[in-house]
Amino acid sequence: MVDRVANRDELNDVIAQMVGELSALHTFVEGGDARKPADHIDVATLGAVLRRDEKAGGYTVEHVYRYDPDLPAQAPPLARPESRVEEGETIVSIDGQSLLGVTDERELLRGKAGQQVLLEVKSKTGEVRPVLVKPVDARQDGVIRYAEWEYTRRLAVDAASNGSIGYVHLQAMGPKDIDQWARDYYPVFDRQGLIIDVRHNHGGNIDSWLLGDLLRKAWFYFQPRVGNPSWNMQYAFRGHIVVLCDEETASDGEAFTAGFEHFQMGKVVGIRTWGGEIWLAGDNVQADNGIASAAEIGVYTPDGKWLIEGHGVDPDVVVDNLPHASYTGSDAQLQAAIDLLKQEIKDDPNPVPPHPPYPDKSFKYQAPPAGGN
């Protein structure tokens with residue numbers, strides 16, 4: 001087949017078929033000198049859902065992707081303070097070209113990611129104003145969409161539990177995810193319930209660090225003169241925990257899920273995970289910076305059984321997110337986790353123990369007994 005290879009993508013396909021003979025899931029073939037064709041054009045977007053509206057005279061903004069207001073750098077182009085366009089307003093033109101003259105607004109954004117473009121925007125009352133905005137490339141558009149999914153999961157948990165259940169999602173298990181854990185876990189460590197969402201998690205190497213955090217147990221309490229008690233070990237989670245996983249939970253995300261089950265820290269809800277747990281190094285880079293990773297390090301349990309590879313981690317509670325229902329906005333797995341935690345909290349609320357009566361440290365004089373010296 002090598003003699004028939006015409007480009008790097010086809011070579012990767014041949015190498016992948018060869019590596020596939022190892023029957024190990026945790027292997028990757030990617031990268032290399034994949035050259036772009038001369039007529040390649042980068043696509044850009046405005047980070048919003050637009051709908052062509054002939055009557056309105058352009059493309060109406062149906063939805064601007066939501067983002068965590070504490071992370072303004074994640075804001076999509078039309079949500080930035082200097083370029084704000086509201087849902088329901090209509091974009092009439094881009095850089096002077098009418099949007100009704102094209103079949104898709106991205107035709108006028110080709111090659112303009114990161115560059116200022118000039119929009120004419122018509123308000124709901126018909127007033128037209130100029131707006132300068134910087135479109136984003138297709139990769140960043142995917143990041144913005146994912147950030148909305150993540151943020152709305154957290155809002156849904158807060159609303160459904162009246163703030164009694166926390167939510168932390170981890171996209172992977174790398175340095176950025178350590179930052180995200182610190183940012184999202186510490187504000188909710190004292191809630192009665194916690195959902196740790198490792199769906200779509202594509203791995204890394206921080207599972208032991210996370211499990212170590214969760215294994216910490218409160219064993220004594222600090223009571224200040226004013227205010228609520230805190231505990232030692234600091235930031236130990238005292239409530240009930242559910243881990244969410246799915247068929248895209250991979251690698252170190254699976255190791256974390258399996259460890260959570262092994263230490264019996266709570267229930268796992270979702271679908272059986274990916275099943276790739278023969279670990280590898282990323283140092284066998286090829287001459288053109290491509291890579292065909294090699295399966296190197298298997299893992300096994302104390303009782304002598306190979307772990308995860310080829311099967312995955314089975315959840316305690318099986319719940320699938322069906323395609324059409326997910327498309328219309330429902331999240332059955334998340335709802336199942338919320339319902340399970342609500343019941344566990346009801347059955348075992350585990351409140352912070354009240355402090356004992358304050359000791360009487362006052363000095364009281366006692367007269368000697370009558371007749372004494």
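Modeller: A salt bridge is a side-chain nitrogen of Lys or Arg within 4 Å of a carboxyl oxygen of Asp or Glu. This is a predicted model, where local features need pLDDT of at least 70, side-chain atom pairs count only at pLDDT 80 or more, and totals for chains, interfaces and linings use all residues. Residues are numbered from 1 along each chain as its sequence is written, and side-chain values use heavy atoms, with hydrogens and water left out.

Biologist: Which residues are linked with R153 in a network of salt bridges?

Modeller: R153 forms a salt bridge with D331, with the closest N and O atoms 3.0 Å apart. D331 lies in the loop between helix 6 (323–327) and helix 7 (332–347) and R153 in helix 2, so the pair ties together parts 178 residues apart in sequence; helices are DSSP runs of H or I, at least four residues, numbered from the N terminus. The network links R153 with D197, R199 and D331.

Biologist: Is D331 buried or exposed?

Modeller: Buried means under 20% relative accessible area, exposed over 50%, and partly exposed in between (1.4 Å probe, protein chains only). The relative accessible area of D331 is 11%. Because this value is under 20%, D331 is buried.

Definitions and conventions:
Helices (H or I, at least four residues) and strands (E, at least two) are DSSP runs, numbered from the N terminus.
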